[in-house]
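Please read it alongside the sequence and the model.

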Amino acid sequence: SFFDRDKINASSQSSVHKGIIYHKIFENIITTDDIPNAINKLAIAGQIQKSEIQSFIDEIKINTSFDYVKPWFDGSFTVINETEIITNSQDIRRPDRIMVSKNETVVVDYKFGFEENKKYVHQTKEYANLLAKLGYNNISAYIWYVFSNYLIKISSNTDKTIKIDLK
């Protein structure tokens, strides 16, 4: 379940564990200035080892410094992380990151695994459509495969996707 990710073994170094940790860190980042505090918060909670703090900081600073995503973390957007949106059928959707500026809205779903799946495209497209129904304009939707350094840009009105390499 959603809350199972809070019950992790801090000594485990599996890729699933690393993905859960990264997701928790990204939940607490608005700008790159927030990276150290987001990571320290997990160390204090015992979810990562103190000896891992600097390597997480270094890795995430690299992840957020690619030209395409850098503006997402520079303070030019109002950021809403992990907020709930209730659908017409009373289901709850929780996009990872919504960024709003005067001219655009960007919704991002983070993936820390390596497998692409059409259900992720459907899910992220649903987020964009829900935001449009809520009155947001000029919406762009992305799936960010953080460990693989690429984005999938999703068209909200077709099944077309575009892969964007970040490196």
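**Note on the fold and its cores**

1. Strands β4 and β5 form a hairpin with four residues between them. Helices (H or I, at least four residues) and strands (E, at least two) are DSSP runs, numbered from the N terminus. The model is predicted: local features need pLDDT of at least 70 and side-chain atom pairs count only at pLDDT 80 or more, whereas totals for chains, interfaces and linings use all residues. Residues are numbered from 1 along each chain as its sequence is written, and side-chain values use heavy atoms, with hydrogens and water left out.

2. Strand β4 (residues 97-100) runs antiparallel to β5, and four bridges join the two; strands pair if DSSP finds at least two bridges between them. V100 has T105 of β5 as its bridge partner.

3. β5 and β6 run parallel and are joined by seven bridges. V108 is bridged to Y142 in β6. From β5 the chain passes through helix α4 (residues 118-133) to β6, a β-α-β crossover that is right-handed (with the strands pointing away from the viewer, the path from the first strand over the helix to the second runs clockwise).

4. Seven of the seven residues of β5 are buried, so this strand is largely enclosed by the rest of the structure. Buried means under 20% relative accessible area, exposed over 50% and partly exposed in between (1.4 Å probe, protein chains only). T105, V107, D109 and K111 point one way from β5, while V106, V108 and Y110 point the other way.

5. The largest nonpolar core has 32 residues, of which I25, F26, I39, W72 and W144 touch the most other members. Such a core is a set of buried Ala, Val, Leu, Ile, Met, Phe, Trp, Tyr and Cys residues joined through side-chain atoms within 4.5 Å. Two or more residues each come from α1 (15-27), α2 (35-44), α3 (53-63), β5 (105-111) and β6 (139-145); α2 gives the largest share, five residues. Another core, of 16 residues, lies apart from it and includes I85, V107, I143 and Y145.

6. Overall, the protein chain has four helices and eight strands, in the order α-α-α-β-β-β-β-β-α-β-β-β along the sequence. Its radius of gyration (over C-alpha atoms) is 16 Å, close to the 15 Å that the globule rule gives for 167 residues, so the chain is as compact as a globular protein of that length. That rule is 2.2 Å times the number of residues to the power 0.38. Of the 167 residues, 43% count as buried.
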